[in-house]
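Please open the model in your viewer and keep the selection tool at hand. The tour below goes from stop to stop, saying what to select and what is there.

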Amino acid sequence: MQRLAYSDPALAIHRLINQTAVGYPRESGVPELFERCADLRPDAPAVVQGDRGLTYRQLDRLANGLARELLARGLTPGSTVGVSLPRSPELIVALLAILKCGGSYLPFDPAYSDERLRHLFGESGCRWVLSDRADLGARLDCEVVAPDAPPADRGPGVAVAADAIAYINFTSGSTGRPKGVPIRHRSIARLVHGATYARLDEGTRLLHLSPVTFDAATFEIWGALLRGGTCVLYPDGFVRLSRLGQVLREHGVTVLFLTTALFNAVIDEAPEILSGLRTILTGGEAHSVRHIAEALRTYGPGRLVSVYGPTEATTFATFHPVDELADDVVSLPIGRPIQNTRLYVVDGETLCAPGRSGEIWLAGDGLSPGYLGMPELTADRFVERVIDGVTERLYRTGDHGHLLPGGDVAFEGRKDDQVKINGFRIELGEISYHLNRHPAVRQSHVAVSTLGGRSLLAFVVTDDPACTAASVRDHLRARLPAYMVPARVHLCDALPLTATGKIDRHALLAAHEGGPSQARSR
Amino acid sequence: MSLTPTEEAIAEIWTELFGVTEVGSEDDFFAFGGNSLTAIKFLARVEERFGVDALLPETLYEDARVASLAKAIDQATASATT
């Protein structure tokens, strides 16, 4: 087993920040943890949406009924079940029912292309879907079950191990194939028990706002339902700030998570809507210090927490309470590891002392067992090393940073082509892959424009006069989720090159930011 | 072609949001580079100006041209005051 080298100061600082162990039910599956809450306070509100709501007992009984229905129809424990339902009490019933069967849920957006969905279903061996849309059966060659079984007092009696897979999220992959990230029941328990980043208990009213296809939803749903709290469901498909303010106020929401981009929009447009919250969690991209400072002035200390974490380590890996901000601060640290999570800054095979840049490696019960059907990539990103005499399984995030003298981690960015746009994690290579398969595209380059907010931008070299920017976007739209389709596509005769023969990104962006006629092309 | 007062107001918001100088009545929010996040900002500014529910996200996602949006806002504000 390979050992990481370290100096005394490097070891000391890592020992300091990694004392995060707290007791938690690491041998219990999600159903058991939920049922414990339901037994303790059966009449407490579990889920609310508008004037609809389910108590813990009602939610438990509905999930029992649906779980039994699924098993009666032939689902076997360990199966993956696709879920496509609007944000609703039925969605929560469906997720819990799948877990009670010993299954794993795979949330998906039916707006994805057939090609993408078939890849998702193929990689995860998914033959079942819980949805109110019967047409998905023929489209995806799977069995569709509507989530409307009658409630039942008893569950299906399936023993669900803590290391079984609870859900699968897919994240962008630079080879053109999205990567399936399976997450264990234990990883969810690790996220919500003994939380250091927010108070999660019976008094917690947690907003579920994120698309369920993203792992922020793991926190939003189970952070309430495994702690005896209430999950408040945002009622509409589209977010509107006036509506968000109304929901937060009317349901007395205490905790919410906002992606960095949405947080910034709230601070710019309607900061007053968050004033009743106890804890505001935000993260996903590098923070804008101006917005953070504004928020701190508006809400005061003790309420704003910056969080960081890749899907592969289950939603959150580090947190940084923002209680004060020095005048000269230029960037906000991502802070220290959350409970039962360890973080190492590694350069080559050496632990970094404060100030030295390295890659951020994560360890602990939040780690995914690895990418579905991608053993090579898994072996590359998930590694084992001996550190300080202990063998750690580690996830190499690809994010770079350094430790500050006090132990907080400063984030530096990435060295590959993974970017975050409005909270969406995107590998530019996945977009290029599909661009280059367009018959008229000879060469392409995808970049991020910062003009008027961060957005994707594609440059396409074509000699086909029939090729239009609109047709290129249509081609991508048929293959990629909407958030991965570049807002603008520029057709050009050639890509500018630097003296060393590489694509001149600065020249391209300068051309893009040039005149309104350029910026207006689609 | 001259814009109606509501179209002018939309054009003004787009000028701030997208850093463009000219907006015509047939211009489209998403063609300007609008996305789900700029939509949230745009809707917030429309509501600030014309009142809550003046423009619903569903309307924006259906037809995002200036003229159509202005028409929807005019209809909503007219029915709100009668």
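Begin by selecting helix 10 of chain A, where T260(A), A261(A), L262(A), F263(A), N264(A), A265(A), V266(A), I267(A) and E269(A) are buried, buried meaning under 20% relative accessible area, exposed over 50% and partly exposed in between, with a 1.4 Å probe and protein chains only. Because nine of its 10 residues are buried, helix 10 of chain A is largely enclosed by the rest of the structure. Helices (H or I, at least four residues) and strands (E, at least two) are DSSP runs, numbered from the N terminus.

This is a predicted model, in which local features need pLDDT of at least 70 and side-chain atom pairs count only at pLDDT 80 or more, while totals for chains, interfaces and linings use all residues. Residues are numbered from 1 along each chain as its sequence is written, chains are lettered from A and ligands numbered from 1 in the order in which they are written, and side-chain values use heavy atoms, with hydrogens and water left out.

Next, show what surrounds the helix: its buried residues pack against helix 9, strand 11 (255-259), strand 12 (279-283), helix 11 (289-299) and strand 13 (304-308) of chain A, together with helix 2 (36-50) of chain B.

From here, move to the interface, where the contact (heavy atoms within 4.5 Å) takes 17 residues from chain A and 21 residues from chain B. Between them the two chains bury about 1900 Å², 56% of it on carbon and sulfur atoms; buried area is the accessible area (1.4 Å probe) that two parts lose on being put together, summed over both. Four salt bridges are found across this interface, a salt bridge being a side-chain nitrogen of Lys or Arg within 4 Å of a carboxyl oxygen of Asp or Glu. One to select is R240(A) with E47(B), whose closest N and O atoms are 2.6 Å apart. On the side of chain A that touches chain B, the elements giving two or more residues are helix 9 (241-250) and helix 10 (260-269) of chain A, and helix 10 of chain A gives the most, with five residues.

Now pick S242(A), which lies in helix 9 of chain A and is partly exposed, with a relative accessible area of 25%. Not counting residues up to four places away in sequence, S242(A) touches E47(B) and V52(B).

For the last stop, select strand 20 (residues 390-403) of chain A, the place of E392(A). Is E392(A) buried or exposed? At 6% relative accessibility, E392(A) counts as buried. Its side chain makes a polar contact with the side chain of R342(A) at 2.5 Å. In strand 20 of chain A you will also find D399(A), which forms a salt bridge with R414(A), the closest N and O atoms being 2.8 Å apart. A polar contact is a pair of N or O atoms within 3.5 Å; within protein, one must be able to donate a hydrogen and the other to accept it, and residues adjacent in sequence count only if both atoms are side-chain atoms.
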